[in-house]
Amino acid sequence: MSTPSSSDDVAAAAGSAPARVAVLVSGAGTNLQALLDAAADPAYGASVVVVGADRDDIEGLARADRAGVPTFVTKVGQFSSREHWDLALADRVAAFEPDVVVLAGFMKLVGPAFLERFEGRVVNTHPALCPSFPGTTGPADALAYGVKVTGATLFVVDAGVDTGPIVAQTVVPVEDTDDVESLHERIKGAERRMLVENVGRMAREGITITNRKVRFGL
Ligand SMILES: Nc1nc2c(c(=O)[nH]1)N[C@@H](CN(C=O)c1ccc(C(=O)N[C@@H](CCC(=O)O)C(=O)O)cc1)CN2
Ligand SMILES: NCC(=O)N[C@@H]1O[C@H](COP(=O)([O-])[O-])[C@@H](O)[C@H]1O
């Protein structure tokens, strides 16, 4: 795995050793579980080396414990400012020398220190088709708007909210009978498949970003 060269033309990953993946979570951790399950196969090319969270007592951390993966919790409230939290979070993650950092249901915006440390190597999975419905309520917003299809987006995180270069998207139908829960569950099924497939490809092939366009390969 090599270090990205610049923010506008970024190469990440690709090598013979499994890529080291750090995952940050805030909740149930079903996306994390999908990565843990995939990584059990050496052919996948990636290994989850640490799971971090911004809160205690969540199923995502329990999933990591059961898989024997180290965990940490870094809460905003433990620090005197958001900037100090961001720096501490970057330090905790960096100690595990990740090649790729996956935000998988991580409900905090990461800031400049974090993004500089892992430039071009942080991806987030979002339960909507970016650039539509950014933020914390993507499935509810899609349902309220009345769209007939929605989905999930994997993107390289930047300083905005769900604005980064898009790695992959997956589409699901919105049914007339859906409520927010049923729609989000349908999205999450497709989201987990998209995440596993594309984090694996990032690990095995690397990515290059040119003028926002993401392609696999270095
Ligand atoms: N710099 C970025 N950080 C993150 C992104 C991103 O695109 N850029 N994506 C998020 C996930 N996200 C939605 O996709 C998201 C998460 C959280 C928030 C937010 O406003 N959070 C509040 C706290 C809410 C809480 O603690 O429950 C906050 O950060 O103070 C907006 C969007 C991952 N990070
Ligand atoms: N804005 C971020 C956001 O809405 N993230 C979403 O939270 C869910 C976490 O599920 P999980 O904890 O079961 O993986 C996922 O659908 C993820 O995209």
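Helices here are DSSP runs of H or I with at least four residues, numbered from the N terminus. Keep that in mind for the views below, which are taken from a predicted model.

**View 1. What follows helix α5.** Just past the end of α5, Gly146 adopts a positive phi of about 90°. Within the helix itself (residues 138–145), Gly138, Pro139 and Ala142 are buried. These three sit on the same side of α5, because the arc they cover around the axis is only 100°. Their packing partners are strands β6 (122–126) and β7 (149–156), together with helix α6 (180–205).

**View 2. The open sheet, strand by strand.** Here you can follow seven strands in the order β4-β3-β2-β5-β6-β7-β8, with mixed pairing. At the edges are β4 (71–73) and β8 (166–173), each of which pairs on one side only. On average, and ignoring direction, neighbouring strands of the sheet are turned by 20° against each other. As a reminder, strands of a sheet pair through backbone hydrogen bonds, in either a parallel or an antiparallel way.

**View 3. A closer look at β2 and β5.** Strand β2 (residues 19–25) and strand β5 (residues 100–104) run parallel and are joined by four bridges. To find your place in this pair, look for Val21, which stands opposite Val100 in β5.

**View 4. Two helices on the sheet.** Helix α2 (residues 59–67) lies across β2, β3 (46–53) and β4, and runs at about 140° to β3. Helix α3 (residues 82–94) also packs on the sheet, where it touches β2, β3, β4 and β5. The direction of α3 makes about 150° with that of β3.

View 5. The unreviewed UniProt entry lists Gly29, Thr30 and Asn31 under "binding site".

View 6. Leaving aside residues up to four places away in sequence, Thr30 touches Lys188 and Arg192. With that same exclusion of residues up to four places away, Asn31 touches Ala104, Gly105, Thr125, Glu191, Arg192 and Leu195.

Technical notes. Residues are numbered from 1 along each chain as its sequence is written. Chains are lettered from A and ligands numbered from 1 in the order in which they are written. This is a predicted model: local features need pLDDT of at least 70, side-chain atom pairs count only at pLDDT 80 or more; totals for chains, interfaces and linings use all residues. UniProt positions are given in the numbering used here, feature names are shortened, and annotations may be inferred rather than shown by experiment. Two residues are in contact if their C-beta atoms, placed from the backbone, lie within 7 Å. Two strands pair if DSSP finds at least two bridges between them. Axes are lines fitted to C-alpha atoms, for helices over the stretch in contact, and angles run from 0 to 180 degrees between N-to-C directions. A residue is buried if 20 or more other C-beta atoms lie within 10 Å of its own, exposed if 12 or fewer, and partly exposed in between; C-beta atoms are placed from the backbone. The arc is that of the directions from the helix axis to the C-beta atoms.
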